[in-house]
Amino acid sequence: MKKLVTPGEVLSDKPLRIDNSLVEEGKTISTIMGMYDDQTSSLIPIEGLWYPRPGEKVIGVIEEARLNTCNVALNAPYKGIIILKFSEVNMVNNDIIEATVKELDKTGTIVLSRPKVLYGGKIMAVKPSKVPRILGKENTMITQVSQSTKASISVGMNGLVWVKGGDVDLATKAINQIVEEAHVSGLTDRIAAMLKSKQQ
Amino acid sequence: MEKLELLINGKRLDGRAMDELRKISITASPIRNATGSAYIEWGNNKILAAVYGPREALPRHTADPDRAVVKCRYTMAPFSSLEEHGRPGMNRRAIEISKVTKEVFENVILLDLFPGTSIDIFVEVLQSDGGTRAAGITCASVALAASGIPMRDMPYAVSAGKVGETVILDLNKIEDNYSDADMPMAINPRNKEVTLLQMDGELTKDHFKQAVEMILKSGEAITKLQKEALRLPYEKAQERYNR
């Protein structure tokens, strides 16, 4: 059975290895707010922070473009940086970019690689813990939204979403609904129904 | 100072029993810009708490390369109490309360996950009626849970005190000023760790034990309220489709 747990709640009397939990005195304890499924013993955060992992796609805004490096605002605990030696993209301040996390280096900066400038469009911030739900299983959810609104959407794991073209308002509304109801089952059907009713 | 009679016919001035809390209501996430926030109404206390971060620790020399640092700012609004509060911002008392609040949360947040950053906790007292540091800690712990910052536990805080030979729980402003002792205490509910213990006045050993018992007993109710406040927005979204 799934249940909503808060920080400090005992998940199990046995020591288990679960994400976002810790073991104290032989008991497994939740450290965040999340949905705990005791059959699969998985704890999915409903409130959480983004922690950079190599290979993740992020959306950011260029804060300061210099000759060799660019500082990127990522809406995260650490600053992002692009080393221009490895890329041939021209970037100026306030450009919205899509990039991949290369590493989190020792000084506490997120090194990004493979930048791509996203021209125009609109950027919105969502809770990073809801990003997997926005994407859906094998990106089904986001494909559904972008196909029916004809908008091009790019979702960063850091919780920034870029939307351009098509019905931007409807796409934004759909994403906001996903964020709000991420923990309620049957979400894909509801979003499909919502998109269909708005289109007519 | 003239002694005030605080207990009349076995009841307190506001009609509460000796071990009765004031009415508490907590709202989670009222502030959109913050990472996490909470609002508490504890009797006549009205307190807003907001958490920002983990973010870059500024000024840079405050950062710790091994763990996150917690910064706390407790302030009373100039209009918060009947007495004059003068200039807004930090005075001696606010600096002290900021420090003890910081130390409560340093012990529960998993700081080593975010090295080099700072977690900023703001506690703003809008209206005060005694026991604001306890209410502030209770509120800030809900704000931290709502922000998704990993914590070992959700602490709560209450004060207990003594009038004559009677131990009372959750002192209000008048009781705080004229009682013989006042002891705020912050506790991690899961393993009953004490993270804050201060005392004004004097308590005997027996009275101290009695006060701690009262606090631990009332803590169950407070923890329940904190959890309900956090669950409410999610249960509301769920209810919309379960009807």
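Two residues are in contact if their C-beta atoms, placed from the backbone, lie within 7 Å. By that rule, 27 residues of chain B are in contact with 22 residues of chain A. The model is predicted, so local features need pLDDT of at least 70 and side-chain atom pairs count only at pLDDT 80 or more, while totals for chains, interfaces and linings use all residues. Residues are numbered from 1 along each chain as its sequence is written, and chains are lettered from A and ligands numbered from 1 in the order in which they are written.

Stay with the side of chain B that touches chain A. Strand 5 (45–56), helix 2 and helix 4 (205–242) of chain B are the elements that give two or more residues to that side. Helices (H or I, at least four residues) and strands (E, at least two) are DSSP runs, numbered from the N terminus. Helix 4 of chain B gives the most, with seven residues. By class, that side of chain B has 15 nonpolar, five polar and seven charged residues. Here Ala, Val, Leu, Ile, Met, Phe, Trp, Tyr, Cys and Pro count as nonpolar, Asp, Glu, Lys and Arg as charged, and the others, Gly among them, as polar.

Next, a helix pair within chain B. The axes of helix 1 (residues 92–106) and helix 2 (residues 132–147) of chain B come within 11 Å and cross at roughly 40°. Axes are lines fitted to C-alpha atoms, for helices over the stretch in contact, and angles run from 0 to 180 degrees between N-to-C directions. Helix 1 of chain B is therefore oblique to helix 2 of chain B. Angles under 35 degrees count as roughly parallel, over 145 as roughly antiparallel, 65 to 115 as roughly perpendicular and the rest as oblique. Helix 1 of chain B brings Ile97(B), Val100(B), Thr101(B), Val104(B) and Phe105(B) to the contact, and helix 2 of chain B brings Arg133(B), Gly136(B), Ile137(B), Ala140(B) and Leu144(B). By class, this contact has seven nonpolar, two polar and one charged residues.

Now chain A. Its secondary structure comes to four helices and 14 strands. Its C-alpha trace spans about 55 × 55 × 20 Å along the principal axes. A closed barrel of five strands runs 7-8-9-11-10 in chain A, with mixed pairing. The twist averages 50° from one strand to the next. Two strands pair if DSSP finds at least two bridges between them. Strand 10 (residues 96–104) and strand 11 (residues 109–118) of chain A pair in the antiparallel sense over seven bridges. Glu103(A) stands opposite Val111(A) in strand 11 of chain A.
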